Amino acid sequence: MLIDHEARVVPSSSLSGGGKKPRAAAAAALLAAVALLTLAQVWASAHGALGPFRSLLADYAADPRSAFVSWAGLGLACVGVPARIRVVGLASAAVLDLLVLGVQAVCGWHLSIGTGPTLVLTALVLTVARWRGRRRRIALRAIAFGVLLIMASKLADTWLLVSISAGPRVLDQYVQFADRALGDPAWVVGSLLDAAGPIPSTVLHAVYIQLPAAAVVVAVWQLRHVTTKPWPRHNLLRTFLALGIVGPLVYVLFPVVGPVFAYGPLGHGLQIGDWPHTVPAISGTPAPMLFDSGTARNCMPSMHTAWATALFVHSRSGPRWLRWGGAVWLVCTLLATLGFGYHYGCDLVAGAVLSLTVESALREPDRGWDGHRIRMVTLGAGVFAGLLLSYRFLAETMAAYPLPSGLAVLAALAAVISLFYTTWFAAPERRTANIERSVSAS
């Protein structure tokens, strides 16, 4: 059985809440977040889009856009409050959402959930603000994670529009050429899923869109004792948020829409193939192709794969049901991303490498930046950059020599996975002793 020592706790002295540095850092982070959201709102308004603040107002005004993400945010926030308040808050949110659904149905509006948890989360902020001492600090920290999750999802929606503006021409032909080295998995899995009927598709679609809910389950398990014990130094949410910052930056550098759009039925007449029924012939030279202004360029890397990989890794420290859940969620996410034509196989490899690299940069902060961490992060970053450069500049070669190219891609992924396991999971007793010695020496 794998043993995970990621959940090392904060020393009690760091939870005292005193000192100017933690408060200054928190204030600086808050100002930076508000500035970023404001900038996103200005950009969105200038381009006729909703933007994060207008989307938040819609959540309050019975036209919620966050849906299950609002519930995920409230669930995280409730981790830091006493059980009685937690039960009352969740029950109140459920009642409010049912009432809003009734109003939407009577008025003929679009049916959606999320207003209830948004209102309750706001009430929770106002309530906790009147508390004092450690109880207030722990509750506010949990609430901050919940609010951050909701606003990050709204910021991501705006960033997808930025990816469209930055990438009017997409690089799908390059990725499809490179994907030949992996056996065109999007076409293979897409055909199998199409032949399997509606039930597997329904299950995989539910898994795909509810990744935030699964992440909250793992995070809640990791943070379940924060009201009585010190806060863990590292948890899944830190990795999720870091991936959400790093990964989407690549969208504007490597714009890709995915096979169901570039080659399939959602291409709005711009598609150049028949996904998933016919594998495109490898002929000519790949070139950037002009695409529409409504499809996000959010394929490279596959962030669903990156997040599902992080969820799998963090679930290893849990009980058997959580470990099995993390494994099943990862497999189903991979099948969904390919089977629905949202990603190429190359996207998935890049997403997995990115996830393990970011996780290695954040994991076990007490260990510091020793040689093992530096080696792992350096390898991961190098492989990630090498994959992107290969997809872009060696696509024709990869298509012409699929077997050696595919083996090289899989070998690079295997090297990252192997070093990640060796760095963070192998010989855990010896690693823990080394960490404790370094902490004592400092």
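Trainee: Which residues of α10 are buried?

Mentor: Buried means under 20% relative accessible area, exposed over 50%, and partly exposed in between, with a 1.4 Å probe and protein chains only. Helices (H or I, at least four residues) and strands (E, at least two) are DSSP runs, numbered from the N terminus. In α10 the buried residues are L211, A214, A215, V216, V218, A219, W221 and Q222.

Trainee: What kind of model is this?

Mentor: Residues are numbered from 1 along each chain as its sequence is written, and side-chain values use heavy atoms, with hydrogens and water left out. Local features need pLDDT of at least 70, side-chain atom pairs count only at pLDDT 80 or more, and totals for chains, interfaces and linings use all residues, for the model is predicted.

Trainee: How far does α10 reach from its first C-alpha to its last?

Mentor: The expected span of a helix is 1.5 Å times one less than its number of residues. Helix α10 (residues 211-222) has 12 residues, with 16 Å expected. Its reach is close to that, at 17 Å.

Trainee: What do the buried residues of α10 pack against?

Mentor: Contact means heavy atoms within 4.5 Å. The buried residues of α10 have helices as partners. These are α3, α6, α9 (198-209), α11 (236-246), α14 and α15 (320-339).

Trainee: How far apart are the end C-alpha atoms of α5?

Mentor: Helix α5 covers residues 115-128, so its 14 residues should span 20 Å at 1.5 Å a residue. The distance between its end C-alpha atoms agrees: 20 Å.

Trainee: What covers the buried residues of α5?

Mentor: Those buried residues are T115, G116, P117, T118, V120, L121, L124 and V128. Their cover includes α2 (52-60), α3 (68-78), α4 (83-107) and α6 (133-166).

Trainee: Is T295 buried or exposed?

Mentor: T295 sits in the loop between β2 (289-290) and α14 (303-315). Not counting residues up to four places away in sequence, T295 touches I164, V257, F261 and H268. At 5% relative accessibility, T295 counts as buried.

Trainee: What is the distance of the polar contact between the side chains of T295 and D292?

Mentor: A polar contact is a pair of N or O atoms within 3.5 Å; within protein, one must be able to donate a hydrogen and the other to accept it, and residues adjacent in sequence count only if both atoms are side-chain atoms. The side chains of T295 and D292 are joined at 3.0 Å.

Trainee: How many aromatic pairs does a search of the whole structure find?

Mentor: Rings of Phe, Tyr and Trp (its six-membered ring) pair if their centres lie within 6.5 Å; planes under 30 degrees apart count as stacked, over 60 as edge-to-face and the rest as tilted. The count over the whole structure is 8.

Trainee: Stacked or tilted: what is the pair of W187 and Y344?

Mentor: The ring centres of W187 and Y344 lie 6.5 Å apart. Their planes are at 35°, so the pair is tilted.

Trainee: How many residues apart in sequence are the parts that this pair ties together?

Mentor: W187 lies in helix α8 (residues 185-196), and Y344 in the loop between α15 and α16. The separation in sequence is 157 residues.
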